[in-house]
Amino acid sequence: MKSITINGSQRESVGKKATKALRNAGQIPCVLYGGDKPVHFFAAELAFSKLVYTPNVHTVVIALENGQSYEAIMQDIQFHPVTDKILHIDFYQLFPDKEITMDIPVHIIGTSKGVLNGGVLRKNQRKLRVKALPANLPDFIEADITSLKIGSKLYITALENEAYKFLHPDNTVVCQVSRSRASIAEFEEELEEAAAEEAAEEVAEGAEATTSETQE
């Protein structure tokens with residue numbers, strides 16, 4: 001998984017006044033959990049743009065001015081309810097031998113046969129939760145839809161990988177190809193026409209039988 005570096009400074013004070021002063025100066029207060037004790041630090045708001053405002057996921061290297069460095073993932077983020085500015089971010093420290101859980105985006109690849117025939121691709125899961133060692137975390141999970149016909153579903157079991165484990169039931173549908181409204185309407189019309197033709201044939205057969213009986 002790709003990683004980005006956040007250059008920050010350890011916080012001397014964690015009180016409300018100090019936190020407010022940091023935000024007024026364009027700095028974001030943060031906390032790193034998962035180690036022996038929480039690490040309080042801050043960094044410029046612009047430093048988080050590639051981490052927060054993207055559909056992709058990354059691990060983070062937190063490099064502090066005192067020379068300490070930590071590998072982590074973003075665990076939680078708080079935004080201002082009106083301005084949507086970042087107020088606070090929590091990180092979780094990573095260790096090479098300790099598995100971590102993350103939501104990984106799904107990338108659709110291939111061209112579905114069902115879509116080519118007028119079906120509609122429905123993405124049931126845009127992200128999947130996986131558990132793995134940090135070195136085995138993927139940037140994204142590929143879902144090949146080439147073989148999907150109209151009415152077919154791609155289950156999570158088709159995406160299994162030895163490097164990580166999915167934290168979803170085996171019957172989880174990742175995506176599926178459904179009939180479009182137009183094709184449904186056309187199908188219903190075909191059924192109605194077939195029923196009408198069948199009814200007409202039954203009436204015709206009944207008339208022929210009546211005529212035969214009269215002639216006899």
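Reader: Let's start with D90. Which strand is D90 found in?

Author: First, bear in mind that this is a predicted model. D90 sits in strand β6, which covers residues 86-93.

Reader: What makes you say that D90 has no salt bridge?

Author: Just the distance. A salt bridge needs a side-chain nitrogen of Lys or Arg within 4 Å of a carboxyl oxygen of Asp or Glu. For D90, the nearest side chain of opposite charge is R11, and that one is 8.8 Å away, so there is no salt bridge.

Reader: What does the side chain of D90 make a polar contact with?

Author: With the side chain of H88, at 2.8 Å. The cut-off for a polar contact is 3.5 Å, so that pair falls within it. Setting aside neighbours within four places in sequence, D90 is also in contact with V31, Y33, I73, M74, Q75 and D76.

Reader: How many salt bridges turn up in the whole structure?

Author: Two, from a search of the whole structure. In one of them, E45 pairs with K85, and the closest N and O atoms are 4.0 Å apart. E45 is in the loop between β3 (39-44) and α2 (49-52), while K85 is in the loop between β5 (69-79) and β6, so the pair ties together parts that are 40 residues apart in sequence.

Reader: Why is E45 called partly exposed?

Author: Its relative accessibility is 23%. Buried would mean under 20% and exposed over 50%, so E45 lands in between. K85 gets the partly exposed label too, because its relative accessible area is 43%.

Reader: How do you know that R129 and D103 meet in a salt bridge?

Author: Their N to O distance is 2.8 Å, and the limit is 4 Å, so the pair qualifies. This pair links distant parts of the chain: R129 belongs to strand β9 (residues 127-132) and D103 to strand β7 (residues 100-109), 26 residues apart. R129 is partly exposed because its relative accessible area is 39%, and D103 counts as partly exposed because its value is 33%.

Reader: And G35: where is its place, and why is G35 called partly exposed?

Author: G35 lies in the loop between β2 (27-33) and β3. Its relative accessible area is 32%, so it is partly exposed. Although G35 and Q93 are 58 residues apart in sequence, their C-alpha atoms are 6.3 Å apart in space. Leaving out neighbours within four places in sequence, G35 is in contact with Q93 and F95.

Notes. Residues numbered from 1 in each chain as written. Predicted model: local features only at pLDDT ≥ 70, side-chain atom pairs only at ≥ 80, totals over all residues. Heavy atoms only, no water. Helix = DSSP H or I, 4+ residues; strand = E, 2+ residues; numbered from the N terminus. Buried < 20%, exposed > 50% of the residue type's maximum accessible area, 1.4 Å probe, protein only. Lys, Arg positive; Asp, Glu negative; His and termini not counted. Polar contact = N/O pair within 3.5 Å; in protein donor to acceptor, adjacent residues only side chain to side chain. Contact = heavy atoms within 4.5 Å.
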